[in-house]
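Me: I have a structure to go through before my next meeting. Please take my questions one at a time and keep the answers plain.

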Amino acid sequence: MIIIESLIRKYLFNYSRNFDSHDFKDITHIAYSPYMHYFITEKNNQDILSQIKKSTQLLNETTIIKISDMKETFQ
């Protein structure tokens, strides 16, 4: 379900976006998010997952963290 939600938000809600070679890796990565307590990802995926978290219960137990926030925390 999380894959479908992320694809809808990434492509159907954003008509100008084209599928690129990195997107398959992103989708595979996102698929694990409901099974983790902390999920670290890039900003674009963090935005999408945050939207999903607000509108569904798929990520109730998951804290979503941007990579850039991790860098700031450990500097």
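Me: Which backbone atom lies 3.0 Å from a polar atom of the side chain of Thr62?
Reply: The backbone oxygen of Ser33 does. A polar contact here is a pair of N or O atoms within 3.5 Å; within protein, one must be able to donate a hydrogen and the other to accept it, and residues adjacent in sequence count only if both atoms are side-chain atoms.

Me: What sort of model is this, and how are the residues numbered?
Reply: It is a predicted model, in which local features need pLDDT of at least 70 and side-chain atom pairs count only at pLDDT 80 or more, while totals for chains, interfaces and linings use all residues. Residues are numbered from 1 along each chain as its sequence is written, and side-chain values use heavy atoms, with hydrogens and water left out.

Me: Back to Thr62. Where is it, and is it buried or exposed?
Reply: Thr62 sits in the loop between helix 3 and strand 2 (63-66). Helices (H or I, at least four residues) and strands (E, at least two) are DSSP runs, numbered from the N terminus. Thr62 is buried, since its relative accessibility is 1%. Buried means under 20% relative accessible area, exposed over 50%, and partly exposed in between (1.4 Å probe, protein chains only).

Me: Which residues is Thr62 in contact with?
Reply: Neighbours within four places in sequence aside, Thr62 is in contact with Ser33, Pro34, Met36, His37, Phe39 and Lys53. Contact means heavy atoms within 4.5 Å.

Me: Now helix 2. Which of its residues are buried?
Reply: Asp23, Asp26, Ile27 and Ile30 are buried in helix 2. Viewed down the helix axis, these buried residues fall within an arc of 100°, so they line one face of helix 2. The arc is that of the directions from the helix axis to the C-beta atoms. Phe24 and Lys25 are exposed on the other side of helix 2.

Me: Why do residues three or four places apart point the same way in an α-helix?
Reply: An α-helix has 3.6 residues a turn, so residues at that spacing point the same way.

Me: And His29, what does it touch?
Reply: His29 is in helix 2 and is partly exposed, at 34% relative accessibility. Apart from neighbours within four places in sequence, His29 is in contact with Phe39, Ile40 and Thr41.

Me: How many salt bridges are there?
Reply: A search of the whole structure finds one. Lys43 pairs with Asp47, the closest N and O atoms being 2.9 Å apart. A salt bridge is a side-chain nitrogen of Lys or Arg within 4 Å of a carboxyl oxygen of Asp or Glu.

Me: Where do the two partners sit in helix 3?
Reply: Lys43 and Asp47 are separated by about one helical turn, because they are four residues apart in helix 3 (residues 43-55). Lys43 is partly exposed at 49% relative accessible area, and Asp47 is also partly exposed, at 29%.

Me: Last one: which residues does Leu58 touch?
Reply: Not counting residues up to four places away in sequence, Leu58 touches Met1, Ile2, Glu5, Pro34 and Ile52. Leu58 lies in the loop between helix 3 and strand 2 and is partly exposed, at 29% relative accessibility.
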